[in-house]
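Below is a short briefing on one protein chain, written for use beside the sequence and the model. The points are grouped by topic.

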Amino acid sequence: MNEFAAQAVAWLNYALTVALVLTGGFFCVLAAVGLLRMPDVYCRMQAATKAGTLGVGCMVLAVATHFASLHVVLESVLVIGMLFITAPIASHLIARAAYFVGSPLWDGTAHDEMRGCYDADSHVLHHCPLGAPSGNGDPRPSMLAGRTSREVMADEDDEDTSRPAKRPQSRSQAS
């Protein structure tokens, strides 16, 4: 009877490990497809963060169930904990940096909650209520009219007189 119970536990451990590896592989492939198919950096980052974290987490759990020792399980729990803590923070910082440098939003984006909340002059993100920014009462030029950071930087490039102005090329010079 003990031999039968030991074999049942071994097969159960094996089945759980295989299920976790397959689930983790599925989420990792889903993250890769999301990176290739999503239209802008923000959507790609979401796919990579969520699906990638779940995929790697399942793979690490598969390692823990396969080896089934206290040492490996503790290391796996630490790895999963660090992954679940660091992935959202890194994703948030990448999104913030992408927005500040003016990475374009997808044309199908319905709502830009940060529009008009970022002051490109001081690089400070101000609190804005959800919805359209009012634009009234804020003396900073970049905060007026709810412009995006890309629009503000484009205006700054136009006003920058220290660099030589680009001359438009005629068709005969371009070819």
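A residue counts as buried under 20% relative accessible area, as exposed over 50%, and as partly exposed in between (1.4 Å probe, protein chains only). This is a predicted model, in which local features need pLDDT of at least 70 and side-chain atom pairs count only at pLDDT 80 or more, while totals for chains, interfaces and linings use all residues. Residues are numbered from 1 along each chain as its sequence is written, and side-chain values use heavy atoms, with hydrogens and water left out.

**Overall make-up**
- The chain holds 5 helices and 2 strands; these are DSSP runs numbered from the N terminus, helices being H or I of at least four residues and strands E of at least two.
- Read from the N terminus, the order of elements is α-α-α-β-β-α-α.
- Of the 175 residues, 25% are buried.
- Among contacts (heavy atoms within 4.5 Å) between residues at least 6 apart in sequence, 59% join residues at least 24 apart.

- Tryptophan 11 lies in helix α1, which covers residues 2-37.
- Tryptophan 11 is exposed, at a relative accessible area of 59%.
- Together with Tyr14, Val18 and Leu22, Trp11 forms a nonpolar surface patch with about 480 Å² of accessible area.
- Patches are made of residues with over 30% relative accessible area and no salt bridge, joining like charges within 9 Å and nonpolar side chains (Val, Leu, Ile, Met, Phe, Trp, Tyr) within 5 Å; a salt bridge is a side-chain nitrogen of Lys or Arg within 4 Å of a carboxyl oxygen of Asp or Glu.
- An α-helix has 3.6 residues a turn, so residues three or four places apart point the same way.

**The loop between α2 and α3**
- Alanine 68 sits in the loop that joins α2 (41-67) to α3 (70-100).
- Alanine 68 is exposed, with a relative accessible area of 55%.
- The phi of alanine 68 is near 50°, a positive value in a residue other than glycine.

**Helix α3**
- The 31 residues of α3 should span 45 Å at 1.5 Å a residue, and the end C-alpha atoms are 45 Å apart, which agrees; the expected span is 1.5 Å times one less than the number of residues.
- Buried residues of α3 include Val72, Ser76, Ile80, Ala87 and Ser91.
- Serine 91 has a relative accessible area of 14%, and touches Met45 and Thr49, leaving aside residues up to four places away in sequence.
- Just after α3, glycine 102 takes a positive phi of about 90°.

Methods: Areas by Shrake-Rupley, 256 points an atom, 1.4 Å probe, with all protein chains shown as cover.
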